[in-house]
Amino acid sequence: MNKPRFHPLTWWIFSCAIAISIARVNSPIYAIAVVGVISVLVFTQKENAPWSKSFTWTLKLSLWIIALRAIIGVLIGVPIPGTVLFRIPILPLPHWMPGIRIGGNVTLERLTSSISEGIIICSIIVIFGAASSLTSPHRLLRVLPIYIYEFGISIVIATSVLPQLVSSVTRIRTAQRLRGQRTSGLTAFKRIAVPLLEESLSRSLDLAAAMDSRGYGINKKRSRYRPIKFARIDTAIISMGLLVVGLS
Amino acid sequence: MIKFSNVSLIYPNSTTTVIQDLNLEITEGELVLVIGPTGSGKSSLLRLINGLVPHHTGGILAGDIAVDGISTALVKPGGLAHLIGIVGQNPANGFVADTVEEELVFGMEALNLTNEVMRKRVEEVLDLLSLAPLRHRAIATLSGGEQQRVAIASAMVTHPKVLVLDEPTSALDPIAAEEVLSILHRLVHDLSLTVVIAEHKLERVIQFADRIVHIDGEGSTRIGLPEEILRDSLLVPPIVELGRALGLSEIGITVRELRRLTQEFRETHVPPNKSQETNSGSTLIDVSNLNIVYDGKKAIENLDVKIAENEIVAIMGRNGAGKSSLLRAIAGVSKNSSGSVKVCGLDSQKLHGKVRRETIGFIPQEPSDLLYGQSVKQECEQADIDNQIPLGTTDKILAQLVPGISGHAHPRDLSEGQRLGLALSVVLSSNPKLLILDEPTRGLDYQAKRVLIKILIEFARVFNRSVVIATHDVELVAELASRTIFIADGEIIADGTTIDVLLSSPAFAPQVSKVMSPQPWLTVADVVSSLKIEK
């Protein structure tokens, strides 16, 4: 490994800062630009570890969210006046549901506002996806204080079991293909989801049991074998993040 | 050191008692082996020792368990971390760090040991388990055997007085297993460590055990010396079976003992000259010039192999030698392969749907990957519909393979052997020409293994089909395979009849042949049948 190893908190603090700036600027163009820069950063910096894939996954997830939001935003919601793109018939709703309208005129304004909101929300998700794919969850756990014990266990489980899901999906899909099943579509999704959920659940239990039986969280104090220190580069990255917040 | 007094255990929503009224005292420096059929509660017994059961799993516990005077009812599992090191069935699921060194210190950091102590102990344990060259490696890149050693090391490094291991060798090749067990043996003798092991492959561990706890699955337990327990147990290693078949008055547990007892037999009996079965079947699998590359490393290099109809071929080799890669390439799901793989003259990469099901049946390492139904019945019906065969056919196959499974049971709740049986009947329902199994005997007891062997032999002989199986289990290969291929570093090292390949290396020789050497007998059945011929 010739890449520098950063302090595990560096990227998380940096991401928080960037996320705040996205929320403050509140401009989809800024959000897209930031996601672009972050993507370059992630693809040059990430190691070949299971959690590194979480960035690509959050990207895919975001596209889904944006599409879904656009559809729902068009169907339901407050009608915003403006250029009418097309009309869909209004679905009659019972009288006890006032103020909600399904269908009606679809205006350009309504479409753009729901898409741009979607982009901002998703860019924040992607930013945190980037942080988690650049930081080893295990190293993160080692620097977190011990009194957030329950939280620590959940973090390790969430961050180490979820990425393992990615490799499990591949494995189960292969197995299903060997059974001569299709591996796309809704039925196939169910066929993969069931064994996947069961496996991740039992994995999480195993991991929690292992951490518990090794005394995690029993002592309030925790010693450090090789303390992880903030290096100059970490400080630089964090100050850069804070600078961005200040400017926004 | 460990004291069970009147311990009973019942899990919620379950009608069977896992353990009933167990009284057991394990003294310091003892190595106790826990045996029993699959799903009988061996793991539960082990996890009772540090309180994971019932603290983590729930369940009703009666009686008391004390370790070094501390009752597990009063402290959480973490409170016993300085006393007990525990290694789970699948160590890969329990790793909490990225590199070997970080994993080793995790427990010590939690116990708040000082830096000097930690440094000393890390060096010590790295030497003890010969892990020094791996200290900075990422755990994910280690082989199964190395991971197992890391797991043991990280349990050892806190200097516990008790070490608890759940099937420590099930995923290991014979040589790696031997290594791990001899380290344990040394720890017991040098440091007077108390060790409790659960294991199915008795032939690997029996010679190290001081006492055996036998759990029968209905709650009752028997405790005694290995000789006493094995005298009338159903779960016995081949070596004891051999002693029984020969009608010996004593029970021999080590190869050395049994060789002494059978000296006369070996001198007076000769195995019949087996007429070399020449395989006349036509070629079913034709692999030529196969290359597989993972992350720039070659997993399989220029491999050529032909497998004929009605052959049962075992593929053996170290952890990480490329066995699974080869199987996946034959099945046509390897992405990074080049070269040609033909099954029944068809390119296996291009098989889909029904044609695939009728050509290749594949049982992966985790048979549950194939299953997604909510009940056994649903699973069987789905297979019937997929294959357009009358409803109930798969169910019938299942009833033949493993009788007594309730149709309403959830596949997850089945024991390891039953789940394999279910996956196998789903695959067999489409009547494939080729059956591939990847490491099928993990977690199977001797009886389940015997059933599996019978099914596979019948499948190959009666229906004239081929079976390819990758495994570490030497005894399985001896009883099942007609031909054995040995792989190392992605190359075929040996390829020949099972008897030739297995007998050529002592590490991979089955127990019976070790006892009978230099006479070439492989299995108890071979010895029995040659006795019959003589009569």
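I take two strands as paired if DSSP finds at least two bridges between them. With that cut-off in hand, I opened the predicted model.

**Entry 1**

I looked up strand 4 (residues 60–67) and strand 5 of chain B. Two bridges join them, and they run antiparallel. That meets the cut-off of at least two bridges, so I count them as a pair. V67(B) stands opposite I70(B) in strand 5 of chain B.

Next I traced the whole sheet. It is open, has four strands in the order 2-1-4-5 (chain B), and its pairing is antiparallel. Which strands stand at the edges? I found strand 2 (17–26) and strand 5 (70–71) of chain B there. Each has a single partner strand, so one side of each is left without a neighbour in the sheet.

I then checked what packs on this sheet. Helix 1 (residues 42–49) of chain B does, touching strand 1 (2–10), strand 2 and strand 4 of chain B. Its direction makes about 130 degrees with that of strand 1 of chain B.

**Entry 2: the six-stranded sheet of chain B**

I noted an open sheet of six strands with mixed pairing, in the order 6-7-8-3-9-10 (chain B). Strand 6 (84–87) and strand 10 (221–224) of chain B stand at its edges. Each of these has a single partner strand, so one side of each lacks a neighbour in the sheet. Direction ignored, neighbouring strands are turned by 15 degrees against each other on average.

I zoomed in on one pair. Strand 7 (residues 162–166) and strand 8 (residues 194–198) of chain B pair in the parallel sense over five bridges. D166(B) stands opposite A198(B) in strand 8 of chain B.

**Entry 3: cores**

I listed the nonpolar cores. The largest has 181 residues. Among the residues with the most contacts inside it are V34(B), I49(B), I315(B) and L502(B). Helix 16 (residues 416–428) of chain B gives the most to this core, with seven residues. Apart from it lies another core, of 21 residues, including W11(A), I18(A), I124(A) and I127(A).

I followed up I49(B). What does it contact, leaving aside its neighbours within four places in sequence? I get I2(B), I65(B), V67(B), I84(B), V162(B), V164(B) and V196(B).

**Entry 4: helix 3 of chain B**

I asked how many residues of helix 3 (residues 100–110) of chain B are buried. The count is 10 of the 11, so this helix is largely enclosed by the rest of the structure. The buried set includes E102(B), E103(B) and E109(B), along with F106(B) and M108(B). These buried residues pack against helix 5 of chain A, together with helix 4 (115–128) and helix 5 (144–156) of chain B. N112(B) follows the helix, and its phi is positive, near 60 degrees.

**Entry 5: chain A against chain B**

I counted the contact between the chains. It takes 37 residues from chain A and 44 residues from chain B. On the chain A side, helix 5 (137–143), helix 6 (149–178) and helix 7 (186–213) each give two or more residues. Helix 7 of chain A gives the most, with 13 residues. By class, I get 14 nonpolar, nine polar and 14 charged on that side.

**Entry 6: domains of chain A**

The contact takes eight residues from domain 1 and nine residues from domain 2 of chain A. The domain 1 side has four nonpolar, three polar and one charged residues.

Terms used. Residues numbered from 1 in each chain as written. Chains lettered and ligands numbered in written order. Predicted model: local features only at pLDDT ≥ 70, side-chain atom pairs only at ≥ 80, totals over all residues. Core = buried A, V, L, I, M, F, W, Y, C linked by C-beta atoms within 7 Å. Buried ≥ 20, exposed ≤ 12 C-beta atoms within 10 Å, placed from the backbone. Contact = placed C-beta atoms within 7 Å. Nonpolar A, V, L, I, M, F, W, Y, C, P; charged D, E, K, R; others polar. Axes fitted to C-alpha atoms, helices over the stretch in contact; angles between N-to-C directions.
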